[in-house]
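Please look at the sequence and the model below, then read on.

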Amino acid sequence: MARKRIRIDLEDAEGAKYNLSLEGNVTREKMLKIFELMDLMNIEEPEESVHLDTVGAKIWNIVDKHFPMGKFTSSDILEKYEDEYEEPIKLSVISTYLSRFALKGRVARERNGKEWNYQSTQTSPKRTAFNLGNHCLFDN
């Protein structure tokens, strides 16, 4: 079996550059450790790389950014959406998108009285993609 070689070049928000090289048996667990290291060092993808040209993309960005692990309601998303994008949106629109996300398996939902509680089921792309020069390495 050929040995895998991966080189990762990163730059943080302050302009510091980091070079990581992995050689040999590169596993999912090892890559997750690299992601954890990136989180500790506060290295993320630049915000401008996120394409927010649709209402659905904006709602998913709110879910991913503010509720990556915790539970939330459509009202929570409404509040964050209007704060972040400074534009009004109907609660019914958010509920519709969250329902679609649940059907696609992107969020889990459970009934709590009169409203639904949601929780993301996906890992953030910021934590699962590396920019390797002209290539990206995804851990799916």
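**Strands, helices and a charged patch**

Arg111 stands opposite Trp116 in E5. The model is predicted, so local features need pLDDT of at least 70 and side-chain atom pairs count only at pLDDT 80 or more, while totals for chains, interfaces and linings use all residues. Residues are numbered from 1 along each chain as its sequence is written, and side-chain values use heavy atoms, with hydrogens and water left out.

**The open sheet**

- An open sheet is built from 3 strands in the order E3-E5-E4, with antiparallel pairing.
- Strand E3 (71-72) and strand E4 (107-112) each have a single partner strand, so they stand at the edges and one side of each is left without a neighbour in the sheet.
- Strands (E, at least two residues) and helices (H or I, at least four) are DSSP runs numbered from the N terminus, and two strands pair if DSSP finds at least two bridges between them.
- E4 and strand E5 (residues 115-120) run antiparallel and are joined by 6 bridges; Asn112 has Glu115 in E5 as its bridge partner.
- The hairpin of E4 and E5 has 2 residues between the strands, and Gly113 takes a positive phi near 70 degrees there.
- The antiparallel pairing of E3 with E5 has 2 bridges, and Lys71 stands opposite Gln119 in E5.

**The E1-E2 hairpin**

- Strand E1 (residues 4-11) pairs with strand E2 (residues 17-24) in the antiparallel sense over 8 bridges, and Lys4 stands opposite Gly24 in E2.
- Between E1 and E2 in this hairpin there are 5 residues, and Gly15 in the turn has a positive phi of about 95 degrees.

- Ile94 lies in helix H4 (residues 91-103).
- Ile94 counts as buried because its relative accessibility is 0%; buried means under 20% relative accessible area, exposed over 50%, and partly exposed in between (1.4 Å probe, protein chains only).
- The C-alpha atoms of Ile94 and Leu78 are 7.0 Å apart in space, and the two residues are 16 apart in sequence.

**The negative patch**

- Glu79, Glu82, Asp83 and Glu86 form a negative surface patch.
- Patches are made of residues with over 30% relative accessible area and no salt bridge, with like charges joined within 9 Å and nonpolar side chains (Val, Leu, Ile, Met, Phe, Trp, Tyr) within 5 Å.
- A salt bridge is a side-chain nitrogen of Lys or Arg within 4 Å of a carboxyl oxygen of Asp or Glu.
- Glu82 is in helix H3 (residues 74-85) and is partly exposed, with a relative accessible area of 33%.

Terms used. Areas by Shrake-Rupley, 256 points an atom, 1.4 Å probe, with all protein chains shown as cover. Lys, Arg positive; Asp, Glu negative; His and termini not counted. Charge placed at Lys NZ, Arg CZ, Asp CG, Glu CD.
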